[in-house]
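Subject: Structure for your study

Dear colleague,

Please find below the structure that I promised to hand over to you.

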Amino acid sequence: MPARSRARKRALDVLYESEMRGLGLGATLSHRMAAAEQPLNEYTVALVEGVIAHRERIDELISTYAQGWTLERMPAVDRNVLRIGVFEVLYRDDVPDPVALDEAVSLARELSTEQSPTFVNGLLGRLVEIKPSLTL
């Protein structure tokens, strides 16, 4: 598994753990960084910090374009995969949109429900289409 793919999975682990334990994202990241035998991958940290910094806008976009789904109703894995994917699509110029989309779909396929890859692909694909018109 390429380094950035592993970093995305670890970022997903941090985001998911935060939700499941009812902790703030920053607290979970700090705990993981302090407890890690090896330093967390720099891209993992960048992803989690990016989601934290832009979470309000990211969640707003997910809520707006997730037809028929509220954030609360989505599986926690899907919600956090989408947060990472939206962050990469909108805020990481060094990640091509198709790569961000493919990586998010792969995580959903590996870790979530049978319908999740299609859902993640559709929502992120829509955001990629309208990206030029979005205000960040």
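I begin with a salt bridge: the side chains of Asp94 and Arg92 meet at 2.8 Å, N to O. Please keep in mind throughout that the model is predicted. Asp94 is partly exposed, because its relative accessibility is 39%. Arg92, at 19% relative accessibility, counts as buried, because the limit for that word is under 20%.

Salt bridges across the chain

The structure holds 13 salt bridges in total. One of them joins the side chains of Glu88 and Arg8, with a distance of 3.0 Å from N to O. Glu88 belongs to helix H4 and Arg8 to helix H1 (residues 3-21), so this pair ties together parts that lie 80 residues apart in sequence.

Helix H6 covers residues 116-130, and Ser116 is located in it.

Which residues of H6 are buried? They are Ser116, Pro117, Val120, Leu123, Leu124, Gly125, Leu127 and Ile130. What covers them includes helix H3 (42-65), helix H4 (76-91) and helix H5 (97-111).

Two of these residues deserve a separate description. Ser116 is buried, with a relative accessible area of 1%. Leaving aside residues up to four places away in sequence, Ser116 touches Asp78 and Ala108.

Leu124, also found in helix H6, is buried at 0% relative accessibility. With residues up to four places away in sequence left out, Leu124 touches Leu82, Gly85, Val86, Leu101 and Ala104. By contrast, Leu124 and Leu25 are 99 residues apart in sequence and 22 Å apart in space, C-alpha to C-alpha.

The nonpolar core

The largest nonpolar core has 40 residues, and among these Ile62, Val86 and Val120 touch the most other members. The elements that each give two or more residues to this core are H1, helix H2 (25-35), H3, H4, H5 and H6. Ile62 touches Leu71, Met74, Arg79, Leu82, Arg83, Val86 and Leu123, again not counting residues up to four places away in sequence.

Aromatic pairs

A pair of aromatic rings is described by the distance of the centres and the angle of the planes. The count comes to 2 aromatic pairs in this structure. In the pair of Trp69 and Phe119, the ring centres are 5.8 Å apart and the planes stand at 50 degrees, so the pair is tilted. Trp69 lies in the loop between H3 and H4 and Phe119 in helix H6, so the pair ties together parts that are 50 residues apart in sequence. Trp69 is partly exposed, at 33% relative accessibility.

The rings of Phe87 and Tyr91 have their centres 5.8 Å apart and their planes at 20 degrees, so this pair is stacked. Why are Phe87 and Tyr91 separated by about one helical turn? The reason is that the two residues are 4 residues apart in helix H4. An α-helix has 3.6 residues a turn, so residues three or four places apart point the same way. Phe87 is buried, with a relative accessible area of 5%.

Yours sincerely,

A colleague

Notes:
Residues are numbered from 1 along each chain as its sequence is written. This is a predicted model: local features need pLDDT of at least 70, side-chain atom pairs count only at pLDDT 80 or more; totals for chains, interfaces and linings use all residues. Side-chain values use heavy atoms; hydrogens and water are left out. Buried means under 20% relative accessible area, exposed over 50%, partly exposed in between (1.4 Å probe, protein chains only). Contact means heavy atoms within 4.5 Å. A salt bridge is a side-chain nitrogen of Lys or Arg within 4 Å of a carboxyl oxygen of Asp or Glu. A nonpolar core is a set of buried Ala, Val, Leu, Ile, Met, Phe, Trp, Tyr and Cys residues joined through side-chain atoms within 4.5 Å. Rings of Phe, Tyr and Trp (its six-membered ring) pair if their centres lie within 6.5 Å; planes under 30 degrees apart count as stacked, over 60 as edge-to-face and the rest as tilted.
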